[in-house]
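Reader: Please take me through one part of this model in close detail. I want the charged pairs first, then the strand surroundings.

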Amino acid sequence: MGRGSEFGRSRSGLAGGGSVVESRRCPAPTVEPADTDVRWVYQPVEVDLGGGSWVLGRISGWWLDPAGRQWCRLRVSRGGQPAGWRLFESDRMLLLPVSGL
């Protein structure tokens, strides 16, 4: 799974145990979406932290902003931080099957 990455890094600098994943290319949205605009889901993901490090996480919502960009409400496992809106980057966030392998 080692892909080149600039997706993010843990604020603590520890792969897999980081507290916050920050995107270097996409800021957080300037406005929180209304609940009616969010498609609430349970989607396991694997997130590229850079340097060949990946961590499990969960997407709990999808939202399309007025510019047409797709955002996901991401929480990184073992991070200790609440979920936050991140611009979805398919090359750095791998959607995992929910069931039925």
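Author: A search of the whole structure finds 3 salt bridges. A salt bridge here is a side-chain nitrogen of Lys or Arg within 4 Å of a carboxyl oxygen of Asp or Glu. The model is predicted: local features need pLDDT of at least 70, side-chain atom pairs count only at pLDDT 80 or more, and totals for chains, interfaces and linings use all residues. Residues are numbered from 1 along each chain as its sequence is written, and side-chain values use heavy atoms, with hydrogens and water left out.

Start with Asp-65 and Arg-69. Their side chains meet in a salt bridge at 2.8 Å, N to O. Asp-65 is buried at 7% relative accessible area. Arg-69 is partly exposed at 41%. Buried means under 20% relative accessible area, exposed over 50%, and partly exposed in between (1.4 Å probe, protein chains only).

Next, Arg-92. Its salt bridge with Glu-89 has the closest N and O atoms 3.7 Å apart. With Asp-91, the closest N and O atoms of Arg-92 are 2.6 Å apart. Arg-92 is buried, at 8%. Glu-89 is buried too, at 10%. Asp-91 is partly exposed, at 36%. Shared partners join Glu-89, Asp-91 and Arg-92 into one salt-bridge network.

Now the strands. Helices (H or I, at least four residues) and strands (E, at least two) are DSSP runs, numbered from the N terminus. Two strands pair if DSSP finds at least two bridges between them. Strand S4 covers residues 53–64 and holds Trp-63. In S4, 9 of the 12 residues are buried, so the strand is largely enclosed by the rest of the structure.

S4 runs antiparallel to S3 (residues 39–50), with 9 bridges joining them. Trp-40 has Gly-61 of S4 as its bridge partner. The S3–S4 hairpin has 2 residues between its strands, and Gly-51 in the turn has a positive phi of about 65°.

S4 also runs antiparallel to S5 (residues 70–76), joined by 6 bridges. Here Trp-63 stands opposite Trp-71. The S4–S5 hairpin has 5 residues between its strands, and Gly-68 takes a positive phi near 90°.

Finish on Trp-63 itself. Trp-63 is buried, at 7% relative accessibility. Leaving aside neighbours within four places in sequence, its contacts (heavy atoms within 4.5 Å) include Pro-29, Val-31, Arg-69, Trp-71 and Trp-85. Val-38 is 25 residues away along the chain, yet its C-alpha atom is 5.0 Å from that of Trp-63.
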